[in-house]
Amino acid sequence: MTVNSMTDLMPQVANCRDYWLGWGADDRLEDSLSHYRSGLADPQLNGVLRLRSTHDVEGAMHQAGESLAGVPWMWWVGPDSAPDAAERLIGHGAVQVASVPIMAVDIDRLADPDVPTGLKVQTVDDADALAEWVRVYTPSFSFAPDLVDDILRVESGRPDASRIVRLIGRLDGRAVGTALLYDAHAVAGVYVVTTLESHRRKGIGAALTAAALTMGRARGARIGTLQASSLGASVYDRMGFTAVAEYRLLRLPAR
């Protein structure tokens with residue numbers, strides 16, 4: 001399959017869905033409702049990713065609650081969900097807590113970022129480097145320190161390792177940033193783009209993003225996709241990314 005258009009959304013959201021399903025690939029539903037469950041106590045690491053039909057919203061909410069009981073979680077509503085999914089869920093008590101833009105770029109038209117002098121981008125190829133990579137990125141996602149070992153365990157055991165290339169950026173030998181390429185559905189998905197707070201606004205995140213996309217291009221992808229944080233959106237815009245859709249993140253009422 002070849003994806004040539006940034007507006008071809010389904011491969012992009014399928015890439016995102018597969019990436020997150022890798023956090024809990026042994027515990028998911030793939031009929032009307034798709035979810036991932038890492039079992040870790042953070043709502044970013046457990047959630048519903050897709051609701052194909054709103055024929056029985058209350059039943060879907062009950063099913064999700066049962067499957068994700070005991071862990072904090074979020075409900076993602078994107079272009080692969082039923083068009084009225086967010087409104088129907090809100091009508092049953094869900095609350096929207098955030099929206100996340102889906103951004104895409106034609107990799108051949110990617111604007112080359114200014115790479116900070118001395119930055120070295122390396123692949124993460126062994127257990128020690130993976131542990132360092134996890135320690136670098138977890139503060140940017142506000143993960144609790146006591147989750148780091150469990151996050152490392154999940155990262156090291158992902159069943160989709162052949163699709164993943166992890167990158168770490170170093171300045172003067174110190175690890176200062178991370179990124180991840182997820183190669184699936186003929187799309188280069190970019191995830192885990194972080195920079196240590198002490199080294200932000202220097203172009204490190206842009207350089208790591210560009211490196212991941214270049215690797216995706218070498219694997220045959222023409223389109224890059226990511227979900228932008230509020231800090232990253234303007235950076236990606238300068239690189240040539242365009243917002244093509246969004247995810248709405250919902251929290252369900254306590255039961």
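The legends below describe an overview and several close-up views of one predicted protein model.

In this predicted model, local features are described only where pLDDT is at least 70 and side-chain atom pairs only at pLDDT 80 or more, while totals for chains, interfaces and linings use all residues. Residues are numbered from 1 along each chain as its sequence is written, and side-chain values use heavy atoms, with hydrogens and water left out.

**Overview. The chain comprises 7 helices and 10 strands.** Helices (H or I, at least four residues) and strands (E, at least two) are DSSP runs, numbered from the N terminus. The radius of gyration, taken over C-alpha atoms, is compared with a globule rule of 2.2 Å times the number of residues to the power 0.38; for 255 residues a compact globule would be near 18 Å, and the chain agrees because its value is 18 Å. The C-alpha trace spans about 55 × 40 × 30 Å along its principal axes. Of the 255 residues, 51% are buried, where buried means under 20% relative accessible area, exposed means over 50%, and partly exposed lies in between (1.4 Å probe, protein chains only). Among contacts, defined as heavy atoms within 4.5 Å, those with a separation of 6 or more in the chain are made to 72% by residues 24 or more positions apart.

**View 1. Ser81 sits in the loop between β3 (74-77) and α3 (85-91).** With a relative accessible area of 7%, S81 is buried. Its side chain reaches the backbone nitrogen of L51 at 3.1 Å, which can be read against the definition of a polar contact as a pair of N or O atoms within 3.5 Å (within protein, one must be able to donate a hydrogen and the other to accept it, and residues adjacent in sequence count only if both atoms are side-chain atoms). When neighbours within four places in sequence are left aside, S81 is in contact with L49, R50, L51 and W76.

**View 2. Helix α4 (residues 127-137) includes D128.** D128 itself counts as exposed, at 64% relative accessibility. The buried residues of this helix are A129, L130, A131, W133, V134, V136 and Y137, and they pack against α5 (148-156), β6 (164-171), β7 (174-184) and β8 (187-195).

**View 3. S142 and V192 each have a positive phi without being a glycine.** Most residues other than glycine have a negative phi. S142, with a phi of about 60°, is placed in the loop between α4 and α5 and is exposed, its relative accessible area being 60%. V192, with a phi of about 55°, is placed in strand β8 and is buried, its relative accessible area being 8%.

**View 4. R158 lies in the loop that runs between α5 and β6.** R158 is buried, with a relative accessible area of 6%, and its side chain makes a polar contact with the side chain of D160 at 2.8 Å. Once neighbours within four places in sequence are set aside, the residues in contact with R158 are D18, Y19, G22, W23, I164, R166 and Y182.

**View 5. V95 belongs to strand β4 (residues 95-106).** The relative accessible area of V95 is 48%, and V95 is therefore partly exposed. Not counting residues up to four places away in sequence, V95 touches L249, L250 and R251. The C-alpha atoms of V95 and F241, which are 146 residues apart along the chain, are separated by 29 Å.

**View 6. P11 is part of helix α1 (residues 9-21).** At 8% relative accessibility, P11 counts as buried. The residues that P11 touches, not counting those up to four places away in sequence, are V3, H185 and V187. Between the C-alpha atoms of P11 and L40, 29 residues apart along the chain, the separation is 28 Å.
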